[in-house]
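My notes are below the structure.

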Amino acid sequence: MTENLKQYKPDLLITGEFSNSFTKDIDDGVYDSGADYNVVNNIIKYTVNTNPNYRINGVEFASKLNEIYNKYSANRFNMTQLFIGSLDTDRIFSGMINTNRVYDRNNQSNQYLNIRPDLYDGTAINKLKRVVSMQMMLPATPIIYYGDEKGMWGSDSPRNRKPMLWEDYDPYDNETDDISKYKKVLRNLPDSVEINEVQKFISYPVTSNKEIENHYRSLLKIRKEHKNLFKNGKLRILEVYGDEKTKGRVDTEIAAYLADETRRAKLYQGRDYTPPKPNTDFISYEISLGNESIIVLVNNSADSYPLNLNVPKMFGFYKNQLNPKENYAISERKIQVDVKPYEVKVLYSNAKNMFDSFRKNKK
């Protein structure tokens, strides 16, 4: 079929879904490319799940990402479609509060939380932005399921196929869910959630989320501005906190930082202060092509902490594409960064030499 179709339209793109012989199918010419759900499955296991039965650590995630990447030739991976949601899965936003399960499993159960996620968990938006950033900041082809960019939510079909949220049709009717799922958190729900203990349901407002939409726009802008890098760039893992060598270095640096905070509090404020040790968990990887380099730094922790991040370049600056005010000077192949809870930094450099780097940074 593929051969016959391409006789009539040589530039036709034939895509398929992942199967055990997916790469063989591609090599044999059955498909040009297709959808690989293994990437999002491992992202969820690393970033969202906390139960050891469903979670993988940073080293395992890096290993699995490398394994998937190396399964393809570089240009085939760049064409691979990365889904984090579709008409056959629950909404990815809802996945942030329905944790500790296999991706796209147990999403129709009576215990599935269908409430708007940000009403249930104040960190749900940042958790989602972290997952979306990892999907979009890989040298592959991200696929956005309609409404994910609006922060739509819900379990598997039919809730994942609700009509698109259009601002022209505001205000929408409230949605409801069974109160029994939320008994332990009823007092913590915001005032916008109506609790009806007589009829045993909760009711909550339906709105699109501008913060999520703007984050998608920012990521798409990065892909557009560095189109050739994402199309032809090579992927490699740089650092993972779980690696023994990296962990030892970072723990020593953070211990020194905490000791300095204690010293400064005593010296300048005259008080005894012992700052808590942060839960450190991060991964960094690079997409590179010639002089161009994008480093994606993912903080997989609810804590903030400083990092001396190892980078491949010897000189110049990296600029955070998600916050252009952040510039990081390279010193001895390191940059000093402060990461926020669940933050992803997208750091870009295209310096050819030291003088070129300073000129570009000055502009």
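These entries go through what I looked up, in order.

**Ground rules.** I am working with a predicted model, where local features need pLDDT of at least 70, side-chain atom pairs count only at pLDDT 80 or more, and totals for chains, interfaces and linings use all residues. Residues are numbered from 1 along each chain as its sequence is written, and side-chain values use heavy atoms, with hydrogens and water left out.

**Helix α4.** I checked the length of α4 (residues 58-71): its 14 residues should span 20 Å at 1.5 Å a residue, and the end C-alpha atoms are 20 Å apart, which agrees. The expected span is 1.5 Å times one less than the number of residues.

Next I looked for its buried residues (under 20% relative accessible area; exposed is over 50%, partly exposed in between, with a 1.4 Å probe and protein chains only). In α4 they are G58, F61, A62, L65, I68 and Y69. They sit on the same side of α4, because they cover an arc of only 130° around the axis, taken from the directions from the helix axis to the C-beta atoms. Exposed E67 and N70 are on the face turned away from that buried side.

**Rings.** I searched the whole structure for aromatic pairs and got six. The rings are those of Phe, Tyr and Trp (its six-membered ring), with centres within 6.5 Å; planes under 30 degrees apart are stacked, over 60 edge-to-face and the rest tilted. Y37 and F83 are stacked, at 5.5 Å centre to centre and 20° between the planes. This pair links distant parts of the chain, 46 residues apart: Y37 is in the loop between β2 (33-35) and α3 (38-47), F83 in strand β3 (residues 81-83). Both Y37 and F83 are buried.

Y120 and Y182 have ring centres 6.1 Å apart and planes at 70°, so I logged that pair as edge-to-face. Y120 is partly exposed at 31% relative accessibility, whereas Y182 is buried at 0%.

I also noted charges over rings (NZ of Lys or CZ of Arg within 6 Å of the ring centre and within 35 degrees of the ring normal). R91 has its charged end over the ring of Y146, 4.8 Å from the centre.

**Strands.** Two strands pair if DSSP finds at least two bridges between them. β12 (residues 317-320) and β13 (residues 327-329) run antiparallel, joined by three bridges, and Y318 stands opposite Y328.

Terms used
Helices (H or I, at least four residues) and strands (E, at least two) are DSSP runs, numbered from the N terminus.
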